[in-house]
Amino acid sequence: MQKNIAVIRGDGIGPEIVAEAIGVLDAVAEKFGHDFRFAEVSMGGDAIDKFGEPLPDAELQKCKESDSVLLGAVGGPKWDGVEAHLRPEKGLLKLRQGLGVYSNNRPAKIWPQLKDASPLKPSITEKGIDYIIVRELIGGIYFGKHETVGDTAVDEMRYSEDEIERIGRIGFETARKRRGMLCSVEKSNVLDTSRLWKKVMCRLSAEYPDVTLSHMLVDNCAMQIVKDPSQFDVIVTENMFGDILSDEASQITGSIGMIPSSSLGDSPCGLYEPIHGSAPDIAGLDMANPIGTILSAAMMLRYSFDMEKEAEAIEKAVDAVLSEGWRTADIMPEDKTGCTQIGCREMGKRIREMIK
Ligand code: IPM
Ligand code: MG
């Protein structure tokens, strides 16, 4: 099958991790007889340097015309001084909105090989960690009016019933394919948007009798994620709560460097990116963990291209390389037993070779 993939290498460690993911996709293409074509798109700090804005319309257009988008990471201290509306992150928000990808899917699972990397006690991790955060991605406070007048700043948070319903359905459908438990997370003791959120989730729940819906306040959820993460199957939540909880969720699995994500809307064209940032402190040092990006590429194959066995080939290769004891710095155990530390390039190469 021929697929056109828009590639955004971005800033910091972005180019290094994306190079390894492309290498893995090439290995999959060779093995399974596909033809993946890559089109380079500039976004973030890279685009600010080249075009003076974080995502020019022509670059966004290339993404819209592709079958899916693979992204590394954007941002860094170099662009801290630029005006708010020109920040690298604005490029990412414009891309998500332009592609209409309202549903961001962030899995948190503990790899048995990495259970010692979790900061949680074994008595907690033993019970297993395997859940998904379904985050609303193109609404809420991220896309409300932002304004600073004199000494006062305003960020507006808005949700309509339709926006809540479409993400709510993704939550229910995701839970239906898993263990059938959906936890809706909000702050309905304080926020109107959260009360509306809860009302819509309750209404939808009648259509999904096979899914058990529960409700949790976001502050309690932050606590439960470290106290007993095994209780969660699928969490559905609004944009900013999902941003915060997914960083917390990833860290308890060992390293944020391991977590992929998919962002989808109503078309098969999705956006796939690791959930971590551009890590400028280790950029160019061949130290980054490319696995989050490589697993994002696997998600692209599964969810946008319907290539299940190809996606599994990547996931099994990652699993096998970890089982052999190869580790990037972020997932290296303190006592180093049975493990060898390798760089970003070698990690990519070992995963590629495992696929072949
Ligand atoms: C993420 C990131 C982004 C977000 C930033 C870079 C705008 O933190 O993907 O989680 O807040 O959505
Ligand atoms: Mg984030």
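Predicted model: local features only at pLDDT ≥ 70, side-chain atom pairs only at ≥ 80, totals over all residues.
Residues are numbered from 1 along each chain as its sequence is written, chains are lettered from A and ligands numbered from 1 in the order in which they are written, and side-chain values use heavy atoms, with hydrogens and water left out. Helices (H or I, at least four residues) and strands (E, at least two) are DSSP runs numbered from the N terminus.

**Sheet**

- Ten strands form an open sheet with mixed pairing, in the order E2-E1-E3-E12-E11-E4-E5-E10-E8-E9; two strands pair if DSSP finds at least two bridges between them.
- E2 and E9 are the edge strands, each pairing on one side only.
- Three bridges join E4 to strand E11 (residues 262-264) in the antiparallel sense, and Ser103 has Leu264 of E11 as its bridge partner.

**Helix H6**

- Helix H6 runs over residues 161-176, and its 16 residues should span 22 Å at 1.5 Å a residue, which agrees with end C-alpha atoms that are 22 Å apart; the expected span is 1.5 Å times one less than the number of residues.
- Its buried residues are Ile164, Ile167, Gly168, Gly171, Phe172, Thr174 and Ala175, where buried means under 20% relative accessible area, exposed over 50%, and partly exposed in between (1.4 Å probe, protein chains only).
- These residues cover an arc of only 160 degrees around the axis, which puts them on the same side of H6; the arc is that of the directions from the helix axis to the C-beta atoms.
- The buried residues of H6 pack against strands E4 (103-109), E5 (130-136), E8 (181-186), E9 (212-217) and E10 (234-237), and against helix H7 (192-205), with contact meaning heavy atoms within 4.5 Å.

**Aromatic pairs**

- Four aromatic pairs are found in a search of the whole structure; rings of Phe, Tyr and Trp (its six-membered ring) pair if their centres lie within 6.5 Å, and planes under 30 degrees apart count as stacked, over 60 as edge-to-face and the rest as tilted.
- One of them is the tilted pair of Phe36 and Phe305, at 6.3 Å centre to centre and 35 degrees between the planes.
- Phe36 in strand E2 (residues 35-40) and Phe305 in the loop between helix H10 (291-303) and helix H11 (308-323) are 269 residues apart, so the pair links distant parts of the chain.
- Phe36 is buried at a relative accessible area of 8%, and Phe305 is buried at 3%.
- Phe172 and Tyr208 form a stacked pair, at 4.6 Å centre to centre and 10 degrees between the planes.
- Phe172 lies in helix H6 and Tyr208 in the loop between H7 and E9, so this pair ties together parts that are 36 residues apart in sequence.
- Both Phe172 and Tyr208 are buried.

**Charges over rings**

- The charged end of Lys109 sits over the ring of Trp111, 4.4 Å from its centre; this requires NZ of Lys or CZ of Arg within 6 Å of the ring centre and within 35 degrees of the ring normal.
- Arg350 has its charged end over the ring of Trp326, 3.7 Å from the centre.

**Positive phi**

- Most residues other than glycine have a negative phi.
- Asp286, in the loop between strand E12 (271-272) and H10, has a positive phi near 55 degrees and is partly exposed, with a relative accessible area of 23%.
- Asp306, in the loop between H10 and H11, has a positive phi of about 55 degrees and counts as exposed at 69% relative accessibility.
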